[in-house]
Amino acid sequence: MVKGDDGGAADPVVKRDDDVAYEPVEAAAGLSKGVLLDESDGAPNFAMRRFELAPGAEVPRHTNAVEHEQYVLAGEYVVGIGDEERSVSPGDALLIPAGVEHWYRNGGDETGAFVCVVPNGDDTIELVE
């Protein structure tokens, strides 16, 4: 990671790919998350994360207390938002408002990957039965 000389929270940050650790997400087998930038890097307002969705993986229907902005990097997979399902592929951008049910399903042979940006702070995640 490269930071400014004084190490203060307002300094620019460049985090290299090999500085990002990916961990499985407990709620969904086949989903992993790496935190690209967040408060620990001095980002005052938003957290940027990268998710990978393995072939055959499904993320259950859930809601979040905060909005999500997402950008698809790789693969083709299905995202359910509210009452609609949409196939997404690289270059697609999504807005999932706070409190809206959503889920993911990767029925393809390729790993799906997306960047997800959320406001810093508390986020309550609720699984929908």
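Reader: In what order do the five strands of the open sheet stand?
Author: Good place to start, and keep in mind that this is a predicted model. The five strands pair in the antiparallel sense and form an open sheet. Reading across this sheet, the order is E9-E8-E11-E6-E13.

Reader: Why is one side of E9 and of E13 left without a neighbour in the sheet?
Author: Strands in a sheet pair with each other through backbone hydrogen bonds. Strand E9 (84-88) and strand E13 (125-127) stand at the edges, so one side of each has no neighbour in the sheet. What each of them has is a single partner strand.

Reader: What is the average twist from one strand to the next in that sheet?
Author: Picture stepping across the sheet in the order E9-E8-E11-E6-E13. From one strand to the next, the twist averages 30°.

Reader: Which residue in E13 is the bridge partner of Thr63?
Author: Strand E6 covers residues 58-64, and its pairing with E13 is antiparallel over three bridges. Look along E13 for the residue bridged to Thr63. That partner is Glu126.

Reader: Is Leu127 buried or exposed?
Author: Setting aside neighbours within four places in sequence, Leu127 is in contact with Pro60, Arg61 and His62. Exposed means over 50% relative accessible area. Leu127 has 51%, so it counts as exposed.

Reader: How far apart in space are Leu127 and Asp83?
Author: Along the sequence, 44 residues separate Leu127 and Asp83. In space, going from C-alpha to C-alpha, they are 16 Å apart.

Reader: Is Tyr104 buried or exposed?
Author: Tyr104 lies in strand E11. Beyond its neighbours within four places in sequence, Tyr104 is in contact with residues including Leu53, Val59, His62, Tyr77, Ile96 and Phe114. The cut-off for buried is under 20% relative accessible area. With a value of 6%, Tyr104 is therefore buried.

Reader: What separates the C-alpha atoms of Tyr104 and Asn120?
Author: Tyr104 and Asn120 are 16 residues apart along the chain. The separation of their C-alpha atoms is 23 Å.

Reader: Which strands are the edge strands of the open sheet of six strands?
Author: This sheet has antiparallel pairing and the order E3-E4-E5-E12-E7-E10. Its neighbouring strands are turned by 25° against each other on average, direction ignored. An edge strand here pairs on one side only, and the two that do so are E3 and E10.

Reader: Which residue in the hairpin of E3 and E4 takes a positive phi?
Author: Strand E3 (residues 22-24) runs antiparallel to E4, joined by three bridges. Among the bridge partners, Tyr22 goes with Gly34 and Pro24 goes with Ser32. Six residues lie between the strands of this hairpin, and the one with a positive phi near 90° is Gly30.

Reader: Which residue in E5 stands opposite Ser32?
Author: E4 and E5 run antiparallel and are joined by six bridges. Ser32 is also the bridge partner of Pro24. In E5, the residue opposite Ser32 is Glu52.

Reader: How many bridges join E7 to E12?
Author: In the order E3-E4-E5-E12-E7-E10, E7 stands between E12 and E10. E7 pairs with strand E10 (residues 93-96) over four bridges, with Tyr71 partnered by Ala93. Towards E12, Glu69 stands opposite Val117. The bridges that join E7 to E12 number five.

Reader: What is the relative accessible area of Leu73?
Author: Leu73 lies in strand E7. Not counting residues up to four places away in sequence, Leu73 touches Arg50, Pro90, Ala113, Phe114 and Val115. The C-alpha atoms of Leu73 and Ser89 are separated by 7.5 Å. Leu73 is partly exposed, and its relative accessible area is 36%.

Reader: How many nonpolar residues are in the lining of the largest pocket?
Author: The largest pocket holds about 530 Å³ of space. Of its 29 lining residues, the closest to the centre are Arg49, Phe51, Asn64, Asp123 and Ile125. Strands that each supply at least two lining residues include E5, E6, E7 and E13. By class, the lining has five charged residues, seven polar ones, and a nonpolar count of 17.

Note on methods
Residues numbered from 1 in each chain as written. Predicted model: local features only at pLDDT ≥ 70, side-chain atom pairs only at ≥ 80, totals over all residues. Heavy atoms only, no water. Pairing = 2+ DSSP bridges. Axes fitted to C-alpha atoms, helices over the stretch in contact; angles between N-to-C directions. 1 Å grid on protein atoms, 1.4 Å probe; cavity = no way out; pocket = protein on both sides within 12 Å on 5 of 7 lines; lining within 4 Å. Points joined across faces, edges and corners; volume = space filled by probe spheres on them. Nonpolar A, V, L, I, M, F, W, Y, C, P; charged D, E, K, R; others polar. Buried < 20%, exposed > 50% of the residue type's maximum accessible area, 1.4 Å probe, protein only. Contact = heavy atoms within 4.5 Å.
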